[in-house]
Amino acid sequence: MQSQHIALIRTLFQSRLATLEHLLESARTHFRDDESFLQKRLAADMLPFGTQIAFTCNQPRNFALWCDGKPANHLDPDVTALAQADEHIANTKELLSGAHVEDTKLAEVTRIELGQSLYLELSGHAYVNEFLMPNFYFHLVTAYDILRMAGVPIGKRDYMLHLVPSIRKE
């Protein structure tokens with residue numbers, strides 16, 4: 001039997017990673033391969049665009065690792081080259097495509113290490129819905145916002161790319 005919830009989560013992450021790829025490609029075109037945009041940030045105390053790529057990828061990456069019973073393993077956040085950003089996204093998509101586990105995994109309690117001897121214990125459902133998804137969207141939106149602020153000609157359609165195939169015209 002196909003896992004309905006796990007498959008839906010995997011599909012959601014995959015489609016939003018495609019959005020991240022699209023945003024990166026839009027920036028690449030706008031900046032004509034000038035990689036300095038990877039260091040742009042919304043505010044001095046916020047992390048740069050390149051780090052937002054890594055942090056966005058960490059969520060589906062850690063979901064896939066969790067599905068495999070492996071501990072979280074974060075990507076290098078110091079993304080200073082387009083090739084590195086592309087690699088983070090491609091590797092995350094590949095790892096995610098192998099995430100096949102029964103939906104019963106979502107009932108299991110998981111421990112999330114937060115550093116400084118802090119941790120959370122959450123059900124799989126809570127791990128996905130209360131930890132992974134909010135972090136995923138936070139970093140995806142922050143990446144989008146940095147590009148908008150930097151003048152990349154993107155809009156809501158670029159962010160909601162997953163809905164474009166469903167658009168109809170009367």
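**View A. Thr11 lies in helix 1.** This is a predicted model, in which local features need pLDDT of at least 70 and side-chain atom pairs count only at pLDDT 80 or more, while totals for chains, interfaces and linings use all residues. Residues are numbered from 1 along each chain as its sequence is written, and side-chain values use heavy atoms, with hydrogens and water left out. Helix 1 spans residues 4-31 (helices, H or I of at least four residues, and strands, E of at least two, are DSSP runs numbered from the N terminus). Thr11 has a relative accessible area of 45% and is partly exposed (buried is under 20%, exposed over 50%, partly exposed in between, with a 1.4 Å probe and protein chains only). Phe37 is 26 residues from Thr11 along the chain, and 29 Å separates their C-alpha atoms.

**View B. A salt bridge joins Lys93 and Glu21.** The closest N and O atoms of this pair are 2.9 Å apart (a salt bridge is a side-chain nitrogen of Lys or Arg within 4 Å of a carboxyl oxygen of Asp or Glu). Lys93 belongs to helix 3 (residues 82-97) and Glu21 to helix 1, so the contact ties together parts that lie 72 residues apart in sequence. Lys93 is partly exposed at 29% relative accessible area, and Glu21 is partly exposed at 32%. The structure holds five salt bridges.

**View C. Glu25, Arg28 and Asp86 are linked in a network of salt bridges.** Within it, the side chains of Arg28 and Asp86 meet at 2.6 Å, N to O. Arg28 is in helix 1 and Asp86 in helix 3, so this pair ties together parts that are 58 residues apart in sequence. Arg28 counts as buried, with 16% relative accessibility, whereas Asp86 counts as partly exposed, with 32%.

**View D. Glu108 and Lys105 form a salt bridge.** The closest N and O atoms of the two residues are 3.2 Å apart. Lys105 is buried, at 10% relative accessible area, but Glu108 counts as partly exposed, at 40%.

**View E. The largest pocket has a volume of about 390 Å³.** Its lining has 19 residues, of which Asn62, Ala72, His74, Ile112 and Glu113 are the closest to the centre. Helix 2 (49-67), strand 1 (109-115) and helix 4 (124-149) are the elements that each give two or more residues to this lining. By type, the lining residues divide into nine nonpolar, seven polar and three charged (Ala, Val, Leu, Ile, Met, Phe, Trp, Tyr, Cys and Pro are nonpolar, Asp, Glu, Lys and Arg charged, and the others, Gly among them, polar). On a 1 Å grid over the protein atoms alone, a pocket is an open set of points where a 1.4 Å probe fits, with protein on both sides within 12 Å along at least five of seven lines; lining residues have an atom within 4 Å of a point. Points are joined across faces, edges and corners, and the volume is the space filled by probe spheres set on them.

**View F. Gln116 and Ser117 have positive phi values.** Gln116 has phi near 55°, a positive value in a residue other than glycine. For Ser117, also a residue other than glycine, phi is near 65°. The loop between strand 1 and strand 2 contains Gln116, and Ser117 is placed in that loop too. Gln116 counts as exposed at 76% relative accessibility, as does Ser117 at 73%.

**View G. Leu114, Leu118 and Leu120 form a nonpolar patch on the surface.** Together these side chains' residues have about 250 Å² of accessible area (Shrake-Rupley method, 1.4 Å probe, only the protein chains shown counting as cover). Leu118 lies in strand 2, which runs over residues 118-123. Patch residues have over 30% relative accessible area and no salt bridge; nonpolar side chains are joined within 5 Å, like charges within 9 Å.

**View H. Leu75 lies in the loop between helix 2 and helix 3.** Leu75 is buried, with 12% relative accessible area. Ile53 is 22 residues from Leu75 in sequence, and the two are 9.7 Å apart in space, C-alpha to C-alpha.

**View I. Tyr159 is found in helix 5.** Helix 5 comprises residues 156-159. Tyr159 is buried, its relative accessible area being 18%. Between the C-alpha atoms of Tyr159 and Val141 the separation is 8.3 Å, and the two residues are 18 residues apart along the chain.
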